[in-house]
Amino acid sequence: MDQSELYSEKLMNLILDALDEIVVIHDADHNILWMNHAGERSFGINVDKALTMKCHQLFGNAMPCADCDVGTVVIGEPTMKAPRKKIVPKTGVTVACKTVPYYKNGRIELVIQCLHEIKGE
């Protein structure tokens, strides 16, 4: 990795860690690859622990969530579906979950999940 790539990655991590919104990045097999500090606080686990988990395990599920977009996304169709409601087990907080897949060579390589608290629920 050259110096500019390293700088860009560090800058992006700083920006994403400054958000109150939870950001979780996982692969097509649901393995968590990255999570910001808001995710650590909300789920009550550190990133090192999260990196050993599948995304659905954050919500206390043994299997992918029933409403998971990862297996149903069709290339070429709009991917910005309406956010889904989920409950964070540790706090009971209801969040809106928006999923954004990233494709490489016609396949999902990464999935970015953005979760924000739904006030008043």
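Author: Strands here are DSSP runs of E with at least two residues, and helices are runs of H or I with at least four, both numbered from the N terminus; two strands pair if DSSP finds at least two bridges between them. This is a predicted model, in which local features need pLDDT of at least 70 and side-chain atom pairs count only at pLDDT 80 or more, while totals for chains, interfaces and linings use all residues. Residues are numbered from 1 along each chain as its sequence is written, and side-chain values use heavy atoms, with hydrogens and water left out.

Reader: Which residue takes a positive phi in the hairpin of β3 and β4?

Author: Strand β3 runs antiparallel to β4 (residues 94-104), and four bridges join the two. One of the paired positions is K85, whose bridge partner in β4 is A96. Six residues lie between the strands of this hairpin, and the one with a positive phi, near 75°, is G92.

Reader: In what order do the five strands form the open sheet?

Author: The edge strands, each pairing on one side only, are β2 (32-35) and β3 (84-87). Strand β1 (residues 22-27) is joined by six bridges to β5 (residues 107-117), antiparallel to it, and β4 and β5 pair in the antiparallel sense over ten bridges. The order in this antiparallel sheet is therefore β2-β1-β5-β4-β3.

Reader: How far away from D27 is the nearest side chain of opposite charge?

Author: D27 lies in strand β1 and is buried, a word that stands for under 20% relative accessible area, with exposed meaning over 50% and partly exposed in between (1.4 Å probe, protein chains only). For charge, Lys and Arg count as positive and Asp and Glu as negative, whereas His and the chain ends are not counted. A salt bridge needs a side-chain nitrogen of Lys or Arg within 4 Å of a carboxyl oxygen of Asp or Glu. D27 has no salt bridge, and the nearest side chain of opposite charge, K54, is away by 6.0 Å.
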